[in-house]
Amino acid sequence: MKHSSRRRRTPSPEGTDLGRVTERLERVTRILGSDAAVADLLAVSRAQPRRWREGQRPDPENRDRIIGLDAVIALLSGFLAGSSIPKWLTGVNAHLDNRRPISVLQEGRIADVIAAIEAQKGGAYA
């Protein structure tokens, strides 16, 4: 009985992490409609989302922002149509002191946006 000396290759944690961020970036881009919209939200060059999809690693801050934005979009997808999500993100929100959720996200305050989503889902009025 022969034993194969070849081992199954498992992806490195770094490669897997990049793949997950790329998947999240693709979902975010699909909802927001363009790389330009994603770039504007993240305050990066308009070519940067394409570079990330092509394999360049986002810096830790932008990686976390992409993950957070994907989480926000996933929560919104639970009760809004995909076409309504960009409107919700760019519209004035009473739960955020009449600020736009996208502006609050740009400040890195994802918890505030998630709280606004939960309040809206729960039917609370500010």
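Visitor: How many salt bridges does the count come to?

Guide: The count comes to ten salt bridges. A salt bridge here is a side-chain nitrogen of Lys or Arg within 4 Å of a carboxyl oxygen of Asp or Glu. This is a predicted model, where local features need pLDDT of at least 70, side-chain atom pairs count only at pLDDT 80 or more, and totals for chains, interfaces and linings use all residues. Residues are numbered from 1 along each chain as its sequence is written, and side-chain values use heavy atoms, with hydrogens and water left out.

Visitor: What makes Arg53 and Asp35 a salt bridge?

Guide: Their closest N and O atoms are 2.7 Å apart. The cut-off is within 4 Å, so the pair qualifies. Arg53 lies in helix α3 (residues 48-53) and Asp35 in helix α2 (residues 35-42), so the pair ties together parts 18 residues apart in sequence.

Visitor: How do you know where a helix is?

Guide: Helices are DSSP runs of H or I with at least four residues; strands are runs of E with at least two. Both are numbered from the N terminus. The protein has seven helices and zero strands. Along the sequence the pattern reads α-α-α-α-α-α-α.

Visitor: What makes Asp40 and Arg46 a salt bridge?

Guide: Their side chains meet at 3.0 Å, N to O. Asp40, at 40%, is partly exposed. Arg46, at 52%, is exposed.

Visitor: What about Arg50 and Glu54?

Guide: Their closest N and O atoms are 3.3 Å apart, and they form a salt bridge. Arg50 has a relative accessible area of 37%, so Arg50 is partly exposed. Glu54 has 58%, so Glu54 is exposed.

Visitor: Which residues are linked in a network of salt bridges?

Guide: Arg99, Glu107, Arg109 and Asp112. As a general point, side chains of opposite charge can pair when their charged atoms come close.

Visitor: Which residues of α4 are buried?

Guide: Among them are Asn62, Arg65, Ile66, Leu69, Ile73 and Leu76.

Visitor: What caps the N-terminal end of α4?

Guide: Asp59 does. A side-chain oxygen of Asp59 lies 3.2 Å from the backbone nitrogen of Glu61.

Visitor: What is the phi of Ala43, and where does Ala43 lie?

Guide: Ala43 has a positive phi of about 60°, although Ala43 is not a glycine. Ala43 lies in the loop between α2 and α3. With a relative accessible area of 66%, Ala43 is exposed.

Visitor: Where is Asn98, and what is its phi?

Guide: Asn98 is in the loop between α5 (85-90) and α6 (101-106). Its phi is near 60°, a positive value in a residue other than glycine. At 56%, Asn98 is over the 50% cut-off, so Asn98 is exposed.

Note on methods: Buried means under 20% relative accessible area, exposed over 50%, partly exposed in between (1.4 Å probe, protein chains only). A polar contact is a pair of N or O atoms within 3.5 Å; within protein, one must be able to donate a hydrogen and the other to accept it, and residues adjacent in sequence count only if both atoms are side-chain atoms.
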